[in-house]
Amino acid sequence: MVIRLEPTTPGQAPRSVYIGDSRKGTIWRNIEYKKILSGHSKKGTLLKIYDTTQPRNNYVDRPIALGCVCFSKEVAGVPLVNNVSYSYSLALTDERGHIYGFDFVKNEFWLVARTGISATAMQFNQVRRREIIVALGDGTIHCYNIDTCQLVAKLPSYHRQPPHLISVHPTRPLCISCAQSEAILWDTDKWERIRILSGSDEGVQQVSFSPDGVSIVGAFQDGSIYFWTIDSFSLLWKISLSQLAGPNTEQMQDMTKFLVFPRISHFDISSNGEFFVYCGLSSTIYVWNLFEKRLLHEILIPSFKNRMITQVVFIEPSVVGLVSESGELIVLNIEDAKFLGQLRIKHQFKQFAISPDGGLMATLFQDTKYIATLFRIDTFLHQDVPTPEPVELIEEEKPKPARVQLVAEPPQTFYQLIESKSSASAFNRSRLRGFLNYYGTFPEQYRQMIWRYLLNLPENRTAYESLLDQGTHPTYKDFRKSFPLKSDRLARAMEKMLSCLAFWSPIFENLDYLPSVVFPFVKLYVGDLFSCLEVLMTVLINWCQKWWEYYPNPPVECLDIIEHLLGFHDPELLRHFVDNKITSATYAWLMLQTLFSEQFSKQDWLTLWDHLVVNQPSFLYHILVAYLIRFRKPLLETTRLSDFEYFFQRRNPTNVNQVILLAYKLSDATPSSLSPSSFVSGFMPLLHGDYPVFNKYPEFIVNYQSKMKEKIRKEEEEYIRKRKTAEELTRLTEELQRDKSAWDQADWKMNEMVEQWWDQMLGQEKSRQQRRAEMDLAEKDKRAAAINTIAQVRRSFVDNQQNATAKHISDIAKAVGENEKTHWRELNQRDFDDQFQKLEEEWKERREQLILARKDLSEIQKNRMERCKI
């Protein structure tokens with residue numbers, strides 16, 4: 001079946017939003033938004049998102065390829081309309097590094113951040129639901145708040161390659177970033193790296209949290225899949241994919257290719273944790289049942305024609321969507337290995353995301369990378385949902401998965417198959433009884449099958465699934481705390497069986513010893529819980545007849561039968577019990593209410609029940625009396641009540657075959673008037689089709705107890721809620737006090753540091769000013785000394801010049817002859833006055849050029865000398 005999602009008429013075109021040049025805007029127009037929320041608009045595509053600018057003249061301008069898409073977790077605010085609430089957000093990234101948020105409740109979109117680097121993976125934080133974790137192409141991981149558009153945290157690039165997947169824990173602040181080189185577990189509260197996850201040296205395919213948050217699942221490129229616990233990282237289970245390739249040589253050669261082929265996701269786990277789907281060789285997928293830890297199907301998809309599967313996502317608990325490398329998207333029911341349909345659109349699919357309520361699907365495409373679409377899943381998955389306009393369907397031949405045989409008619413039950421050919425089969429009651437009488441026990445590997453046959457299980461799978469779908473009963477919500485088990489698988493199986501029994505009949509809500517009854521059967525049928533539940537129901541209806549008619553008291557009539565049997569076969573032992581005031585509630589009921597699971601080892605208990613299953617339910621009472629007679633000697637020596645209780649609540653060393661043989665002898669020797677068969681009905685198998693109504697108990701007491709337990713449970717929940725609130729307030733108060741103390745201490749230290757800094761700075765300033773004053777004083781002294789030196793030099797020079805001048809004048813006067821003394825006296829005197837006056841004027845004008853003045857005087861002297869010679 002092919003489903004076309006695009007409307008065929010122009011008037012039905014979906015709403016288009018262009019985000020390329022917008023920082024924010026409205027998603028739908030008001031009338032469209034009202035139709036969508038009211039459920040009237042369901043057909044075809046609800047929304048188309050274009051990462052381009054608004055087109056002009058049918059021309060798309062600046063298209064940007066979109067990279068990742070994801071939904072946030074559901075929040076309260078909008079009621080369900082046809083199984084769709086729209087109470088979540090959508091996020092998109094493109095190659096520019098832009099992150100866009102779409103809020104369907106507010107009917108608006110906006111630009112959250114511009115990283116500048118294209119995103120390779122993206123996921124919303126499940127604890128703080130308005131935060132989105134984005135892995136970028138450079139290997140770093142950013143966290144943004146989509147409301148404030150602020151960067152919350154930036155994790156360093158520990159990855160050697162860009163992460164291609166991010167997985168967040170459903171309830172705890174943890175996330176895993178997965179690259180082909182490694183996977184890293186992060187703490188999203190402290191934003192710290194906790195651990196690097198690796199199971200192989202050849203690289204990582206995918207590492208994710210399980211939907212219940214209990215385990216971590218990792219697939220590696222060497223073909224191995226590991227299941228670890230989150231807290232202790234202990235290995236729960238390992239799958240080797242090399243064993244699934246088969247003897248085909250070509251498949252073995254392509255093994256490396258399919259292991260390292262880049263995919264958006266390699267595996268996925270259903271929301272209820274039951275199914276695990278892995279993309280195998282070429283177009284093959286493998287389906288495991290995680291509860292039973294076995295491979296259910298190996299499905300080959302012929303329509304993909306040996307093309308790789310690039311993404312696998314659970315749409316519903318048993319329905320998966322698969323995308324091939326060529327852009328095809330098909331839907332399969334993996335539980336029944338049934339092809340549901342193929343989505344056809346004019347584009348090739350690249351990847352898709354499913355909303356948390358399973359109502360919407362957002363898709364990206366390979367050819368038109370700048371377009372994202374949003375449409376309702378019930379358009380193609382649930383054709384019975386009424387729609388105002390019919391969806392166009394094109395019938396074509398359905399591809400049949402290989403290696404999976406689809407049965408057209410419901411098969412016969414195991415009992416019917418055996419009984420239909422009892423003459424030729426080794427399975428018939430007489431032969432099984434003879435085999436048991438000869439060997440004493442059934443073979444270990446065939447015991448489950450033999451019990452199924454002897455108990456004539458009806459195999460009412462529909463009724464079983466209806467009980468299982470109701471989930472965990474409130475009474476057994478905290479079962480693991482009161483009944484701790486090392487095996488997580490066994491604990492989950494116990495929870496399911498106890499919950500199914502409690503939903504089947506209210507009496508099983510109130511039995512404290514019910515886990516002791518159920519546990520050995522669950523441990524035997526842990527790989528087949530369907531048969532386990534029907535075995536338990538058959539045992540409770542037949543071997544536990546009349547047990548709860550006097551509830552909450554022990555079964556008085558049943559214990560009375562045991563007293564009569566014991567009185568007939570060993571009156572001395574019964575008299576000893578009566579003399580010591582030991583009632584049948586001690587020596588019989590303590591063992592009956594556990595079906596001897598505490599009195600025998602595992603193998604002895606199985607042997608004992610081999611004989612109980614073969615015989616009628618009344619044989620159980622002969623077993624109990626035989627056990628008492630087997631230990632009559634130590635019991636006759638015991639007198640205190642505490643010693644009796646200790647004896648009947650522990651495993652005593654004995655040979656189970658001797659007890660069984662003695663029980664057969666007692667059964668043969670018991671008269672019909674005392675035989676339990678006269679009181680207990682014969683074996684009655686379960687009804688075919690539906691399980692019988694089990695109400696053989698005081699309904700008013702059980703109902704009252706159920707109401708009281710429900711009231712107590714609600715009061716405990718309210719008390720726990722209030723206690724948690726009080727503890728949270730106490731914790732917040734203590735944190736505030738610690739913060740205040742730290743702040744006060746830090747403030748005091750800061751004030752002290754500031755005072756020390758000021759003192760240091762003032763001291764340094766004072767020292768600097770003192771050094772500056774000393775330097776200024778020294779400089780002044782140096783300048784004064786220099787000035788004095790210059791003045792002394794100048795004075796010495798003037799004195800020398802004056803002395804030299806006087807000496808020259810005296811020499812000139814002496815040189816003049818006496819004969820020219822009178823003639824030249826006036827002339828010399830005038831010349832002398834003129835030269836002296838000239839010298840004075842020159843000295844005043846050129847004080848700074850004393851050296852030049854000296855030269856001038858030398859020239860004047862020379863001239864005078866020449867004149868004297870004349």
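Two strands count as paired if DSSP finds at least two bridges between them. Strands (E, at least two residues) and helices (H or I, at least four) are DSSP runs, numbered from the N terminus. This is a predicted model, where local features need pLDDT of at least 70 and side-chain atom pairs count only at pLDDT 80 or more, while totals for chains, interfaces and linings use all residues. Residues are numbered from 1 along each chain as its sequence is written, and side-chain values use heavy atoms, with hydrogens and water left out.

**The strands around β23**

Let's start with β23 (residues 284-289), where 6 of 6 residues are buried; buried means under 20% relative accessible area, exposed over 50%, and partly exposed in between (1.4 Å probe, protein chains only). Thr284, Tyr286 and Trp288 point one way from β23, and Ile285, Val287 and Asn289 point the other way. In a regular strand the side chains alternate between the two faces of the sheet.

Here is how β23 pairs up:

| Partner of β23 | Sense | Bridges | Bridge pair |
|---|---|---|---|
| β24 (residues 294-300) | antiparallel | 6 bridges | Ile285 with Ile299 |

So far as the turn goes, β23 and β24 form a hairpin with 4 residues between them, and Lys293 in that turn has a positive phi of about 55°.

**Helix α10 and its surroundings**

Now for the helices. In α10 (residues 514-524), 9 of the 11 residues are buried, so the helix is largely enclosed by the rest of the structure. Among the buried ones are Leu514, Pro515, Val518, Phe521 and Leu524. The buried residues of α10 pack against α6 (447-454), α8 (479-482), α9 (488-504), α11 (529-542) and α16 (602-614).

**α16 meets α17**

α16 also packs with α17 (residues 619-630), at an angle of about 140° and with the axes 9 Å apart. Axes here are lines fitted to C-alpha atoms, for helices over the stretch in contact, and angles run from 0 to 180 degrees between N-to-C directions. That makes α16 oblique to α17, given that under 35 degrees counts as roughly parallel, over 145 as roughly antiparallel, 65 to 115 as roughly perpendicular and the rest as oblique. Leu608, His611 and Leu612 of α16 touch Phe619, Leu620 and Ile623 of α17, where contact means heavy atoms within 4.5 Å.

**Ser584**

Last stop: Ser584 sits in helix α14 (residues 584-587) and is buried, with a relative accessible area of 7%. Leaving aside neighbours within four places in sequence, Ser584 is in contact with Leu559, Glu563 and Trp589.
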